[in-house]
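User: I am new to this structure. Could you take me through it with questions and answers?

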Amino acid sequence: MSNTAARLIARRLYNAGCRHVFGIPGGEVLDLLDALEAERLRFTLCRHENAGGFMAEGAHHASGAPGVLLATIGPGLVNGLNAVVNALQDQVPLIVLSGAVDGAEAATYTHQIFDQNAVMRPITKASFTAADGAVDVIIDKAVAIALADPPGPVHVDLPLNVATKEQTVRPALYVPPAAKVAPASSAELTAAQVLIAKAGRPLMIAGVGAVHHKAGDTITAICRDHNIPLLTTYKGKGLMPEDDALCLGGFGLSPESDRIVQPLIEQADLIILAGYDPVEMRVGWRGLWEADKAIDVAHVPARHGMHSATVSFVGSVKAGLGRLFEGAALHPVWDNGAPDKIRSELQSFFANQGAWGPHQAFATARAVMPASTVVTTDSGAHRILLSQMWKTQAPKTFLQSSALCTMGIAVPMALGYKQAAPDTPVLAVVGDACFEMVAGELATLRDQNLPVIIMVMVDQSLSLIDLKQERTGLDNRGVLFGQTDYVKLAQAFGGYGCVVTSADALKQELVSAMGRQVFTVLACEIDKKTYWGAF
Ligand SMILES: Cc1ncc(C[n+]2csc(CCOP(=O)(O)OP(=O)(O)O)c2C)c(N)n1
């Protein structure tokens, strides 16, 4: 068996559970590409490395294994930077493999060459150059670092001469994940349990750390046992089934949902933070509660300065919450019924309403698509309204960039998810500008035979930005654009497309799309003004 550096990297990634690699090859990564396929990792050729990075993220959400992006030297690597920063902010384990020339060569040769590690270092958790004799250690470390809390991107440069060098095969360097532990008996634990025992109006806010630690069942059980209402971030959606009367839904980017829910936060006398990272939140979430009424059960130490908590634990969010509530007997809580009133207010504010528009489109899609559907959404007005309206039953079924909030993620992330989980229905809901940023990836959907359904909300405007101009009295500048024929576009790339202007038509088209073997683009024509005041 060949034991070149390239083969070793591929084998160790396979052993870490990786089955898919996305990217675009160049002359400097051909040995690696060969090795990846030889070790049973399937390569998907995308049309832009940045989209490849989001595809890798989609595959990660489907499988739990780190996503893998392959980029060639120079332009290939830097084309993927937005996806790398997204992985850093949105806490996605992503291995970025790139080609490089040999160190000695770079002394006298400059074509396409710059310090790739220097570019990658500030936007990754680590950036390595694979060194002959230590390739196994480096790839094992890369995987361990990518998966450790908070998960994130790790870059590995593989110089051409190292890629083909035979390596001594050593047992896998076992880098055990740091033990995730519950708080030990301590003064802090006692103080937190006293706060819980005294609470009359407790509230829980859960986020991405609870998703990483699979704490959904624990959170649901605690909230139900003690009648504690739950708020989540957008990434935390589904930690508790969102149709539960105690679940108030996802929050983060909608001023209207903030306006409705913040009085409840003010009334609360105890706030339990469960893996909550405010990187997803608008600035209005800064300093919302006094430190002495908050207990923080976090997956990483807080460095954000957005809020503080009088007692704070870093470790297992799941075991930590379990320990805090061991034997807890709360008083009857929320005797004023405030959470129910807030839930009703949220429901009626974000209810389906009026004639055809985004509300009807989203309500129709939710009603028609099976409960097992995974939805990806992009950045813009469409995403904020959809995040408030779409109810999920489980975490990781509603995917988006909610920390970096980048455009152009939803279609490639849907593609990567479908590639890794072909039996799951996958729906991407995107704005027209977000869609056009990555329209070339329709070719990837065609080549890979992936029947992803794409709902494009067509309003010929960067509506979220348009709305900001409107609110601040500025003229529309740089936000309006012309009409694209999405039906022809879809057909040109080998898929099915149609224009949708009613809820009935959308219902029929979604049903047909689920039976189709190729991708579907549903161009939902709406009036941008339907977003005004909607979130
Ligand atoms: C890569 C990137 N560029 C610019 C932005 C700023 N931005 C956020 S939302 C948005 C508008 C997106 O327009 P569209 O896809 O049509 O969605 P809509 O707001 O109309 O729902 C822009 C330009 C961003 N978040 N990411």
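Analyst: A polar contact here is a pair of N or O atoms within 3.5 Å. Keep in mind that the model is predicted.

User: Which residues have a polar backbone atom or a backbone N or O atom by an oxygen atom of the ligand?
Analyst: One distance is 2.9 Å, from an oxygen atom of the ligand to a backbone N or O atom of alanine 381. Another is 2.8 Å, from an oxygen atom of the ligand to a polar backbone atom of cysteine 434. The residues are alanine 381 and cysteine 434.

User: How much of the ligand's accessible area does the protein cover?
Analyst: On its own, the ligand has 590 Å² of accessible area.

User: How many residues surround the ligand, and which are the closest?
Analyst: The shell holds 17 residues. They divide into 8 nonpolar, 7 polar and 2 charged. The closest are Ala381, His382, Cys405, Asp432 and Cys434.

User: Which helices each supply at least two residues of that shell?
Analyst: Three stretches of the chain do this: 381-389, 432-437 and 463-471. In that order, they are helix 17, helix 19 and helix 21.

User: Where is glutamine 400 found, and is it buried or exposed?
Analyst: Glutamine 400 is in the loop between strand 14 (398-399) and helix 18 (410-420). Its relative accessibility is 3%. Buried means under 20%, so glutamine 400 counts as buried.

User: Which side chains make polar contacts with the side chain of glutamine 400?
Analyst: Beyond four places in sequence, glutamine 400 is in contact with residues including Asp90, Tyr234 and Met413. Two side-chain pairs are polar contacts. One is 2.5 Å, with arginine 383; the other is 3.2 Å, with serine 387.

User: Which residues does leucine 404 touch, not counting those up to four places away in sequence?
Analyst: Leucine 404 also has its place in the loop between strand 14 and helix 18. Its relative accessible area is 27%, so leucine 404 is partly exposed. The residues it touches are Asn82, Val85, Asn86, Gln89 and Asp90.

User: Why is helix 18 described as largely enclosed by the rest of the structure?
Analyst: Count its buried residues. Among them are Ala410, Met413, Leu415 and Tyr417. Helix 18 is largely enclosed because the buried residues number 10 of the 11.

User: How many disulfides are there?
Analyst: A disulfide needs two cysteine sulfur atoms within 2.5 Å. For cysteine 498, the closest cysteine sulfur, in cysteine 524, is 8.1 Å away, so it is too far for a bond. The count comes to 0.

User: What is the nearest cysteine sulfur to that of cysteine 18?
Analyst: Cysteine 18 is in no disulfide. It counts as buried, at 2% relative accessibility. The nearest cysteine sulfur is 17 Å away, in cysteine 46.

User: Which residues is glycine 287 in contact with, leaving aside neighbours within four places in sequence?
Analyst: Glycine 287 lies in the loop between strand 10 (270-274) and strand 11 (294-298). Its C-alpha atom is separated by 47 Å from that of proline 25, 262 residues apart along the chain. Its contacts are Met306 and His307.

How values were computed: Residues are numbered from 1 along each chain as its sequence is written. This is a predicted model: local features need pLDDT of at least 70, side-chain atom pairs count only at pLDDT 80 or more; totals for chains, interfaces and linings use all residues. Side-chain values use heavy atoms; hydrogens and water are left out. A residue is near a molecule or strand if one of its heavy atoms lies within 4 Å of it. A polar contact is a pair of N or O atoms within 3.5 Å; within protein, one must be able to donate a hydrogen and the other to accept it, and residues adjacent in sequence count only if both atoms are side-chain atoms. Accessible areas come from the Shrake-Rupley method with a 1.4 Å probe; for residues, only the protein chains shown count as cover. Helices (H or I, at least four residues) and strands (E, at least two) are DSSP runs, numbered from the N terminus. Ala, Val, Leu, Ile, Met, Phe, Trp, Tyr, Cys and Pro count as nonpolar, Asp, Glu, Lys and Arg as charged, and the others, Gly among them, as polar. Buried means under 20% relative accessible area, exposed over 50%, partly exposed in between (1.4 Å probe, protein chains only). Contact means heavy atoms within 4.5 Å.
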